[in-house]
Amino acid sequence: MSQQPIVLITGGGRGIGAATARLFAQNGYHVAVNYLSNHQAANALVEELRKMGANAIAIQADVAVESQVARLFDKVIEQFGVPTVLVNNAGVLHQQSRMDQISAERFQQVLLANTMSCFLCAKQAVLKMSTRYGGRGGAIINVSSGAALSGSPNEYVDYAASKGAMDTLTRGLALEVAQEGIRVNGVRPGLIYTEMHASGGEPERVERLQHKIPLGRGGEAHEVAQAIFWLASENASFVTGKFIDTTGGL
Ligand code: NAP
């Protein structure tokens, strides 16, 4: 197995995950890109990363399902070795609405996709990375959201709650594994130009709200990737259980 650093990025085929994959590839990582259903985007990205000279693979798995997460890690380990960095980036949001119009089923789906996925992947990563279990350590970065702090009223309280739970998990897990060679941190993006806003029913959401952002514009996926990469790097060797808000000052 190679000694090159290895990153696994969940939901890495598009948006922030894809920008993160490019940045890690540029910096000499083997890159495993997980995706749910958009084969085209994930495969096109892997092609692009390989053209850059990186070792890259795309792996389909629903990271909200425990057996699929186990299979995902097995495939990464088989191809590259144990990941040195896990980026829990996969996430969904649904149609904007008031909380009293959100069904219990939808609430559960959002928690599964955003929070359970983070728990399942982080658990696998700890079992493989932790020095307690013979691993070599590593870094976990959880991609949360500014919504964890704002609550996203009248848009998606379910999504905001799922990200709040993710932040609490980040803090607790960071303290549990702090002496086992693993740092765990979070990035909270806000109003980034990706396709995610179309899932909420408003593709132009960033344009509508950008006047509220102190820096006066929406953010780009590569700007979030920089925060993720820094937290994963040795430059952040004394940082754990903390968060970077990539929100333009919001
Ligand atoms: P995006 O463009 O909609 O991409 C989401 C990615 O997640 C896709 O690659 C999708 O896979 C994947 N995914 C969703 N559910 C999955 C599952 N169950 N298993 C595996 N993969 C799954 O979103 P984005 O804007 O880049 O968001 C990335 C992260 O940043 C999310 O956690 C999001 O909550 C967070 N965030 C984004 C913003 C923003 O303004 N964009 C703000 C705050 C936080 P497919 O490609 O196969 O569909």
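**Helix 1 and its surroundings**

Visitor: What do the buried residues of helix 1 pack against?

Guide: They pack against strand 1 (6-9), strand 2 (30-35), helix 2 (39-51), strand 4 (85-88), strand 6 (182-189) and helix 9 (221-232). Helices (H or I, at least four residues) and strands (E, at least two) are DSSP runs, numbered from the N terminus. This is a predicted model, in which local features need pLDDT of at least 70 and side-chain atom pairs count only at pLDDT 80 or more, while totals for chains, interfaces and linings use all residues. Residues are numbered from 1 along each chain as its sequence is written, and side-chain values use heavy atoms, with hydrogens and water left out.

Visitor: How many residues of helix 1 are buried?

Guide: Nine of its twelve are buried, meaning under 20% relative accessible area with a 1.4 Å probe, protein chains only; among them are Ile16, Leu23 and Phe24.

Visitor: And what follows helix 1?

Guide: Gly28 follows, with a positive phi near 85 degrees.

Visitor: Changing topic, which residues have the most contacts inside the largest nonpolar core?

Guide: Val7, Phe24, Val31, Leu49, Val85, Ile141 and Ile228 do, in a core of 32 residues. Such a core is a set of buried Ala, Val, Leu, Ile, Met, Phe, Trp, Tyr and Cys residues joined through side-chain atoms within 4.5 Å. Its largest share, eight residues, comes from helix 9.

Visitor: What does Ile141 touch, leaving aside neighbours within four places in sequence?

Guide: Its contacts (heavy atoms within 4.5 Å) include Val85, Asn88, Asn185, Val187 and Ile228.

How values were computed
Buried < 20%, exposed > 50% of the residue type's maximum accessible area, 1.4 Å probe, protein only.
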